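My notes follow in the order in which I worked.

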Amino acid sequence: MKLFEYFLYFCYPYYNITMSNKSNNQGRAYEFICLLILQEETSKIRPARIVTNSSYYAAQRAWNKLATNVQNIYKTSAYAAVAKLFTLEPRIIEKGEDVLELLIQADKKGENGDVRDILIIRNHIHWEIGLSLKHNHFAVKHSRLSDRLDFGSKWYGIPCSSDYWKDTQSTFNYLKASQRSHLKFKELPNKEKDIYIPLLKAFINEIKRQYAKHKNIPGKLVEYLLGEYDFYKIISIDKERNTKIQSYNLHGTLGMASQTQKSAKIIPIASLPTRIVSLDFVPGSQNTVELYMDEGWQFSFRIHNAKTNVEPSLKFDIQLIGMPITIITLNCFWN
């Protein structure tokens, strides 16, 4: 994404919608070609098959819409990622008669705490790993705040307090009244002051309120934001001609040896946080807060309206802005 597009992305939500749709299609297309190349390269060594499902066909449609020159870029990126992945996960290419299965997961899995886009499975030895694929962006999640969504229950298993619902009631009532009047978000006189700031203040206060009572919330937050399963994040940075691979090994399931080969690199286990150090607005910002925790975990939460018409629901763009040193990043530069 170019510098001007970054400016538009953060300042103009209606441009964001177009960019979001484009990004979704690019992401699906990237999933498709990574899946195909995984199957192609693995099949040179051992049996491997793709499990077709609705997510597979959606990704295939997105792939078929790309121009040939763009497809070639995606292929180059995917080949670089797969070659490195084989060195990290020898069980993928371990010779055997059992069939390795590859599949794209449904998007709804991410809503339920599983951020892995592609699964690599060997049922015979009860083993699987997952890949989270990103194309030219690093977003973690796109969660929501709404008049009906209890984010506390969904994020860390503790229902939002009555104080939170009292703090947000007038803001959501304002949004519902605007919705009944068929207004667009751009027609609201001051959405930052009237919507973003009060909702974010309520969000901050609720997390701090619950953290004072439940000290396991920091770890639960990371597990919600990154998923309850270990995975590799694969990020294609086309401009740099580089595919980055990051290891999110929270439970020690990545980099396991096969019967004959060890991983080319030790994949450290990343510790979950135990303390919230700071949760507050980014200085000078009316729509973004930052969360700092121990063990090196840092996230930003930018709230925005994801749709043109007013509704009592706002979306977060959540970014991982700091991570433990035990999350390793490998650069796979393209030949």
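**Entry 1: a helix pair.** I began with H8 and H9, which pack at an angle of about 165 degrees with their axes 9 Å apart; axes here are lines fitted to C-alpha atoms, for helices over the stretch in contact, and angles run from 0 to 180 degrees between N-to-C directions. H8 and H9 are therefore roughly antiparallel to each other, given that angles over 145 degrees count as roughly antiparallel, under 35 as roughly parallel, 65 to 115 as roughly perpendicular and the rest as oblique. I noted the crossing of H8 and H9 as left-handed, that is, with the near helix turned anticlockwise from the far one by less than a right angle.

**Entry 2: how the model is read.** I kept in mind that this is a predicted model, in which local features need pLDDT of at least 70 and side-chain atom pairs count only at pLDDT 80 or more, whereas totals for chains, interfaces and linings use all residues. Residues are numbered from 1 along each chain as its sequence is written, and side-chain values use heavy atoms, with hydrogens and water left out. Helices (H or I, at least four residues) and strands (E, at least two) are DSSP runs numbered from the N terminus.

**Entry 3: the nonpolar cores.** I then looked up the largest nonpolar core, which has 47 residues, and found that Phe 151, Trp 155, Phe 203, Trp 297, Phe 299, Phe 301 and Phe 316 touch the most other members. Such a core is a set of buried Ala, Val, Leu, Ile, Met, Phe, Trp, Tyr and Cys residues joined through side-chain atoms within 4.5 Å, where buried means under 20% relative accessible area, exposed over 50% and partly exposed in between, with a 1.4 Å probe and protein chains only. The elements that give two or more residues to this core include helix H7 (151–156), helix H8 (162–180), helix H9 (191–213) and strand S12 (313–322), and H9 gives the most, with nine residues. Apart from this core lies another, of 42 residues, among them Tyr 30, Leu 85, Leu 131 and Leu 330.

**Entry 4: the sheet.** Which order do the strands of the open sheet take? I read S1-S2-S3-S4-S7-S8-S13, seven strands with mixed pairing; two strands pair if DSSP finds at least two bridges between them. Strand S1 (48–50) and strand S13 (329–333) are the edge strands, each pairing on one side only, and the twist averages 20 degrees from one strand to the next.

**Entry 5: S3 and S4.** Strand S3 (residues 118–122) runs antiparallel to S4, joined by five bridges, with Ile 120 partnered by Ile 129 in S4 and Arg 122 opposite Trp 127. The two form a hairpin with four residues between them, and His 126 in the turn has a positive phi of about 55 degrees. On S3, Ile 118, Ile 120 and Arg 122 on one side and Leu 119 and Ile 121 on the other are all buried; in S4 (residues 127–135), eight of nine residues are buried. S4 also pairs with strand S7 (residues 231–237), here in the parallel sense over five bridges, and His 135 stands opposite Ser 236 in S7.
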